[in-house]
Structure formats: structure tokens, C-alpha cells
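Hi everyone, thanks for making time this morning. Let me put the model up, and then we can walk through its surface, its charged pairs and its cores.

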Amino acid sequence: MARAGIILAGFSGLAQSADDALWPLQSFKSSSIQTPFLNVTKMGQTEPGYLFFTPHDILRKTGHPVIYSDDGQLVWQGEPGNYSALQPQMLDGEPVIAYWSGYAGDGFGFGAITILNSSYEEIHRVTLDCKKERFVTVFDPLDVDSCIDIHESQLTDNGTILVTAVNVTQADLSAVGGPKDGWVQDALVYEIDLKTNEVVFRWSTYEHNDEVAITDTRAPLKGFGGNKSDPYGYPHLNAVYRYGDSYLVSSRYMCSLFFIDADGLVTWHLHGRTGGDFQLGLGTSFCYQHDARFESQSEERVTISLHNNDNTEFTGHASLTTGMVLDVELQGSKKVTLKSRMWDAAEPVFAQSQGSYQSLGNGHSLQNHGATPKIEEFDEDGTIVMRARFGYDNTMQTYRTYRYPWVGRPATRPDAVACVNGDGTTFVYASWNGATDVEAWKVSSGSAIMKTVVRNGFETRIAVDGLSNGDSLVVEAVGGVGDGKSSESVTLGEC
């Protein structure tokens with residue numbers, strides 16, 4: 001195993017304590033972008049690919065979709081806003097980025113899914129018509145045009161996308177100690193055609209209360225459910241994946257995974273505390289989980305990975321957050337067996353919400369801890385090989401993080417600025433938001449090539465001789481898909 005090394009990406013603020021609250025941001029000369037420092041520690045070989053996530057700064061009230069390399073350097077930052085469920089995926093044989101954006105409430109939202117191509121251009125905007133679906137929301141009157149929830153943006157091989165939604169619905173809550181004429185946040189699954197925005201599948205948790213009983217929830221009423229402005233959010237669906245003609249659905253507050261057929265009927269139910277239709281083996285208990293998905297599937301057995309928070313704002317205790325892989329026997333013994341369980345023993349996490357688990361190549365896995373702004377990679381033996389932080393606890397968060405190969409081909413031009421500092425040294429600063437494979441930068445003034453230097457991170461500083469105040473110059477990308485693309489002409493000024 002390689003000796004541990006720390007990659008700070010220019011972060012000189014490590015001595016800053018969490019009491020200082022605000023995590024330091026990187027800023028640049030050639031761009032107006034400000035982005036959190038990603039503090040990376042590597043203890044071994046990591047898998048290839050970039051890190052995709054949506055850091056949200058709670059105190060500064062800002063958020064962006066971002067891509068970083070795992071040496072801590074920013075690759076791309078999108079526009080500011082409320083973002084969630086960012087996933088790099090394949091669509092029609094090409095890599096794309098899918099993410100949710102819109103109004104984010106407390107554990108739910110109303111918005112749309114944007115699909116970007118490798119040039120960061122919108123190629124699809126997926127919406128769910130609130131009025132057509134007869135949604136009731138906490139807004140009165142309804143003032144949102146798309147009712148897609150924050151939790152999912154999973155593309156399928158059928159040209160569709162899986163999303164979740166929250167609809168305020170009248171419900172009988174007497175079984176959980178509430179009013180008979182109460183109100184719930186009914187959690188729904190939708191499959192939507194990407195090109196037409198037509199709904200091709202819909203499933204409601206409350207409409208299947210006979211199979212998905214409200215009494216299975218672990219969420220306390222706490223006075224909710226008495227009216228439609230304060231509905232009881234008992235199911236909280238947070239992941240949906242399609243396998244064949246069926247769907248794996250994760251309910252956080254029910255601590256449950258449901259496998260649903262094409263007719264909406266529950267084929268089986270795995271409960272993380274009681275087992276549901278299965279018998280839990282040693283170490284297989286889970287609750288309040290995120291990002292559950294099949295690692296493999298057959299008629300006899302499924303292997304399921306998930307991010308096991310086992311904490312919420314109402315549990316009143318702190319449980320270790322781990323990644324889990326479970327073997328589930330669908331026939332015979334119906335036994336659930338622990339295949340692997342991963343956590344960072346040196347820096348354990350007790351995350352209250354959000355999170356993701358991704359299986360990588362060579363047996364590696366990537367975990368993100370949501371409300372705890374920490375990313376981890378483990379090798380095939382469960383040994384941690386990377387930890388990365390982008391904020392202090394309770395001040396920064398991201399819903400999910402994925403590692404994925406990516407070639408960024410921005411439709412924009414490179415950015416540059418040139419200036420002379422106090423001692424007469426001329427510096428040129430070059431960057432290109434979203435470009436992944438620029439090898440070097442070439443600085444030219446008129447017909448003269450002044451200097452060519454190897455690209456160094458998101459922004460490269462280039463010392464140049466032979467220029468005077470008022471001279472014009474351009475910066476040109478060398479190598480990669482953007483080879484030969486140049487910046488606008490810039491004029492040398494004072495720093």
C-alpha cells in the first residue's frame with residue numbers, strides 16, 4: 001500500500017477550526033468562480049475518474065453542481081442554485097450529467113431534472129406537470145410548474161428517467177396515533193419519457209398501504225398530519241432503480257426496500273430491522289438508508305449495496321454510518337447475509353441524512369456521507385485509500401457523490417487575464433471551466449508566441465517576459481479535444 005499523502009489543492013487554511021464555521025473557498029484571477037477547497041488525503045491507489053457532487057454551503061446559502069479531480073482541483077462548476085441527485089450516466093451511448101434543481105424544502109422539493117451533454121449544454125429538461133397529476137403541495141395556491149422531488153434522476157435503457165415526487169394526500173393516521181382525517185406526504189415513483197415528458201409508470205406509497213403499511217414507519221408524528229400545510233412525511237422515498245420490468249424502491253423512514261413489479265404490486269419487502277419477508281443474519285440490520293441498488297441479480301439471489309445512515313434528527317442516539325453489501329436469498333431460507341461493511345475507523349462518521357454508495361472497478365467502492373461533508377474510497381479489502389473533505393460538519397453538505405470517467409468539451413472559450421504586479425513581473429492567468437484534458441497553455445501577442453507552459457490545475461499562472469502595459473494577448477489551449485481553442489484578446493493591465 002502506498003504511503004499516505006495529503007493533497008491540499010492550495011488550501012492553506014487547515015489550521016482553521018470548525019468553530020470558525022465558514023469553510024474556505026478557492027477564488028481565481030481568470031474566473032469569477034468561488035468553490036470549496038477539496039482537502040484530499042490518499043493512503044493508496046484510487047480508481048480513475050472524476051468526482052461529481054453538489055456541495056451546498058448552508059451558512060452562505062449557495063450551492064452548485066461541480067466536478068473535481070481527486071487531487072483536489074476543480075474541473076467544472078455550474079450555475080448557483082438548489083441542486084440534488086446529480087448523477088453522471090450514459091444516454092444513447094454518450095456520457096451525460098443528470099441533476100435536480102428547484103425549490104428545496106425540509107427533506108423534499110419541487111423542481112425539474114436537467115440533462116447536460118459533455119459540453120455542459122442542456123439537451124433535456126424533464127418536468128412533471130403538477131396540475132395534470134392533480135398534485136396538492138404545501139403551497140397554497142400551487143405556484144410551482146414541476147413537481148419532481150429532490151431524490152432521484154436515474155436514466156434507464158428505455159429512453160426514460162426514474163424520479164420521485166411528494167403529493168399531499170388525505171389519509172387515515174389512526175393506526176399511528178394520528179387523526180382519521182389526517183394528511184400525509186404521499187411519496188411517489190414516476191418513470192417519464194425523456195423526449196416527451198409523458199408519464200409511463202406511476203406508483204404511490206399510500207395507494208398501496210395494504211402492502212406498504214404506514215405502521216412500518218419509524219418517523220414520529222410530532223404533531224404533523226393534522227392539516228395539509230403540515231403533512232406527515234412517513235415514507236420518504238430516496239432511491240429508485242429499474243431492473244427488467246421491476247423497480248427497487250428505498251423508503252428511508254420505513255427502513256425498507258421494496259421490489260415492485262410492472263403492475264405496482266410488491267414482489268418482496270426487505271425491512272432493515274424486522275427482515276420483512278426475509279430473515280436477517282448477523283450484522284445485516286440497517287435503517288434510514290440511502291442509495292440502495294442491486295450489485296447483481298438472479299432468480300435465486302440478489303446482492304444489494306446501500307449507504308446505511310442509521311441516524312436521523314429524531315433517533316436521539318448516534319450510530320456509526322457505514323457502507324453495506326448484502327446477499328439476499330429470494331428462495332429457500334430467505335436469509336440475508338452480510339457480504340461487506342465499510343467505514344473509516346480512524347475518522348468514523350455519524351451522518352444524520354443523505355449519502356451514497358457506489359461500486360467502482362477492481363472491487364473498490366466510493367462513499368459520500370451527505371450531511372457530513374466527507375467522501376471516502378475503499379479498496380477490494382475494505383481498506384480506506386482516500387478521504388476527502390469539502391466543509392465543516394453541519395455547514396456544508398451534498399446529497400450524493402459519484403466517481404465517473406469524463407471528457408469535458410466546454411462550448412465556451414478559455415478565460416484569461418494578464419497583469420503586471422508591483423515589482424514589474426508580468427503574469428497571465430488561464431482557465432477553462434469544464435475542460436478536462438488541456439495539456440498546456442500557449443500565450444501569444446500579435447504573431448509572436450511568448451511562452452508555452454504545462455497546465456497546472458483549474459487555473460495556471462504563467463510568468464511572461466517582453467510585454468508592456470496596454471499590450472494585447474491571447475491564451476490558447478494545447479492538446480485534448482479543445483486543442484487550438486483560444487481566449488478572447490485581453491489587455492495587459494495592473495494586478
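Ile-58 is partly exposed, with a relative accessible area of 32%; by that term I mean between 20% and 50%, with buried under 20% and exposed over 50%, using a 1.4 Å probe and protein chains only. Ile-58 sits in the loop between β6 (56-57) and β7 (62-63), where strands are DSSP E runs of at least two residues, numbered from the N terminus. Together with Leu-22 and Leu-59, Ile-58 makes a nonpolar surface patch of about 230 Å². For such a patch, residues need over 30% relative accessible area and no salt bridge, and nonpolar side chains (Val, Leu, Ile, Met, Phe, Trp, Tyr) are joined within 5 Å. The areas come from the Shrake-Rupley method with a 1.4 Å probe, and for residues only the protein chains shown count as cover.

A quick word on what you are looking at: this is a predicted model, where local features need pLDDT of at least 70 and side-chain atom pairs count only at pLDDT 80 or more, while totals for chains, interfaces and linings use all residues. Residues are numbered from 1 along each chain as its sequence is written, and side-chain values use heavy atoms, leaving out hydrogens and water.

Now, the charges. How many salt bridges does a search of the whole structure find? The search gives 21, each being a side-chain nitrogen of Lys or Arg within 4 Å of a carboxyl oxygen of Asp or Glu. Arg-60 pairs with Asp-57, their closest N and O atoms 2.6 Å apart; Asp-57 is buried at 4%, whereas Arg-60 is partly exposed at 29%.

Next, please find Glu-191 and Arg-242, which form a salt bridge at 2.7 Å, N to O. Glu-191 belongs to strand β16 (residues 182-193) and Arg-242 to strand β18 (residues 237-243), so this pair ties together parts 51 residues apart in sequence. Asp-291 also bridges to Arg-400, at 3.8 Å between the closest N and O atoms, and both of these residues are buried.

Finally, the inside. The largest nonpolar core has 28 residues, and Val-184, Trp-203 and Ile-260 are among those with the most contacts inside it. A core here is a set of buried Ala, Val, Leu, Ile, Met, Phe, Trp, Tyr and Cys residues joined through side-chain atoms within 4.5 Å. β16 gives the most to this core, three residues. Apart from it lies another core, of 27 residues, including Phe-108 and Tyr-190.

Note on methods:
Helices (H or I, at least four residues) and strands (E, at least two) are DSSP runs, numbered from the N terminus. Patches are made of residues with over 30% relative accessible area and no salt bridge: like charges are joined within 9 Å, nonpolar side chains (Val, Leu, Ile, Met, Phe, Trp, Tyr) within 5 Å.
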